[in-house]
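Here are my notes on the model, written as numbered points. Have it open while you read, and bear in mind that everything below comes from a prediction.

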Amino acid sequence: MGNNQSILEQHGYTLVGETGQGAFGKALRVKNEKDGKDYVIKTLQKTNMMREVSELEALKHPFIVQYNDSFEDDMNVYIVVEYCEGGDLSQEIKKQKDTGEYFPEDQILTWFVEICMAVEYVHEKNILHRDIKPQNIFLDKYGRTRLGDFGLAKPLESDIWALGCVLYELCELRPAFPEENILELLNKIVDGPYPSISGPFSTDLRDLVRDLLQKNPADRPSASDILGRPFLLGILIQKTKGIPEELQRKLKELDGVADGLERMLWGTTVGSLTGGVIGAAGGITTIVGLALAPLTLGASLIVTGVGIGVAAAGGVTGAASNVTKMVNEHTDRRTIENIIHECEAKMLSLVTCLQLISKGFEDLDQSRTTPESEQVPLG
């Protein structure tokens with residue numbers, strides 16, 4: 001620990017404690033001396049790591065643990081990622097099991113849709129996670145899932161099959177394949193029937209678990225196929241409904257702090273910033289209205305709205321940078337940064353959901369215009 005602590009201090013981090021031992025090394029919770037924020041550092045043996053590190057650095061997604069930095073010594077590579085205050089899904093499953101009740105289906109599907117969005121994103125970049133399990137799916141302080149701890153080897157599971165195992169465990173509150181012996185596990189997967197869920201869940205959810213756990217990988221849906229299922233599109237739409245109201249509440253909070261700053265020091269600059277952020281949120285609200293309109297509205301209008309939403313979210317990101325510069329020495333700096341950061345996170349989540357909704361609408365439109373004999377089933 002002494003050598004680790006020394007190199008952490010050299011790079012501006014103070015050790016807070018260990019958060020766990022993963023398959024590839026220790027996970028250390030640290031505090032950054034410059035920004036005062038908590039992070040997690042993965043300590044990994046130096047083998048052929050730099051390619052994997054560059055892949056992690058390129059991943060920017062609202063439902064993936066954010067890479068922040070990396071450094072190395074003679075023996076190890078240290079990867080710095082954001083700290084997720086909410087723990088992980090394995091902890092949530094244990095707490096729920098202790099209650100003697102199942103998770104509500106809406107909660108299961110909300111988490112699962114977020115995880116699938118992360119998996120679809122990395123698969124589009126030709127990256128496999130290779131170690132999807134509840135312990136590697138974290139929760140941030142806003143309650144969003146964050147896929148992390150990407151596997152740096154090639155274990156037995158494929159990502160889609162592993163998604164099925166996660167979904168099964170969220171439903172049944174126990175692992176789909178509890179055998180610890182690798183040979184027993186192999187035999188169960190190859191020869192045994194897929195494990196079906198028994199709780200009070202919908203036919204759509206039961207069918208999804210069945211399809212994800214098909215023994216033949218060619219029979220499993222892709223992450224994109226999963227998200228295109230109409231009942232999951234419905235979850236995505238529901239997920240977008242409350243975000244604009246949440247944004248407006250946070251922006252009112254920001255407006256109050258910014259007004260105080262304006263009166264004291266900052267003239268019209270902060271007021272203009274706040275107005276710009278509120279305007280961006282208003283644009284997002286309009287886009288959500290488009291997405292929640294009847295399906296007959298058509299996909300093209302929603303796609304146009306999504307483009308506007310992406311631009312609005314970019315404007316808020318720029319605003320966050322400006323705020324940091326303007327209130328660098330003010331006691332309200334952290335409050336303002338936290339509000340802006342939450343707005344950024346929610347807007348990015350919203351835009352990501354809207355992009356998938358628009359794609360789903362396009363696919364549904366295409367299926368309606370394709371002769372039935374040529375249609376590909378969603379499952």
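1. What does Glu-169 touch, once neighbours within four places in sequence are left aside? The contacts are Ile-93, Pro-134, Arg-174 and Pro-175. Glu-169 itself sits in helix H5, residues 159-172.

2. H5 is mostly covered, with 14 of its 14 residues buried. Its geometry checks out too: at 1.5 Å a residue, its 14 residues should span 20 Å, and the end C-alpha atoms are 20 Å apart, which agrees. After the helix comes Leu-173, with a positive phi near 65 degrees.

3. On to the nonpolar packing. The largest core has 80 residues, and Leu-163, Leu-167 and Ile-226 touch the most other members. Helix H4 (residues 105-124) gives this core its largest share, twelve residues.

4. Ile-226 deserves a click. Beyond its neighbours within four places in sequence, Ile-226 is in contact with Phe-112, Cys-116, Ile-160, Leu-163, Leu-208, Leu-212, Pro-221 and Leu-232.

5. Leu-28 belongs to strand S2, residues 25-32, and its relative accessible area is 0%, so it counts as buried. Leu-15 is 13 residues away from Leu-28 in sequence, with the two C-alpha atoms 7.2 Å apart in space.

6. Which residues of helix H7 (residues 203-212) are buried? They are Leu-205, Leu-208, Val-209, Asp-211 and Leu-212. These residues cover an arc of only 165 degrees around the axis, so they lie on the same side of H7. What they pack against is H4, H5, helix H8 (223-227) and helix H9 (230-241).

7. H7 also carries some charge pairing. Asp-207 and Arg-210 form a salt bridge, with the closest N and O atoms 3.3 Å apart. Both lie in H7, three residues apart, which is about one turn of the helix. Asp-207 is partly exposed at 26% relative accessibility, and Arg-210 is partly exposed at 30%. Arg-210 also meets Asp-211 in a salt bridge, at 2.9 Å from N to O. Asp-211, at 7% relative accessibility, counts as buried.

8. How many salt bridges does the structure hold? The count is 13. One of them joins Asp-131 to Lys-133, with the closest N and O atoms 3.9 Å apart. Asp-131 is buried, at 15% relative accessible area, whereas Lys-133 is partly exposed at 32%.

9. Last, have a look at the salt-bridge network that links Glu-82, Asp-140, Arg-144 and Arg-146.

Conventions
Residues numbered from 1 in each chain as written. Predicted model: local features only at pLDDT ≥ 70, side-chain atom pairs only at ≥ 80, totals over all residues. Heavy atoms only, no water. Helix = DSSP H or I, 4+ residues; strand = E, 2+ residues; numbered from the N terminus. Contact = heavy atoms within 4.5 Å. Core = buried A, V, L, I, M, F, W, Y, C linked by side-chain atoms within 4.5 Å. Buried < 20%, exposed > 50% of the residue type's maximum accessible area, 1.4 Å probe, protein only. Arc of directions from axis to C-beta. Expected span 1.5 Å × (residues − 1). Salt bridge = Lys/Arg side-chain N within 4 Å of Asp/Glu carboxyl O.
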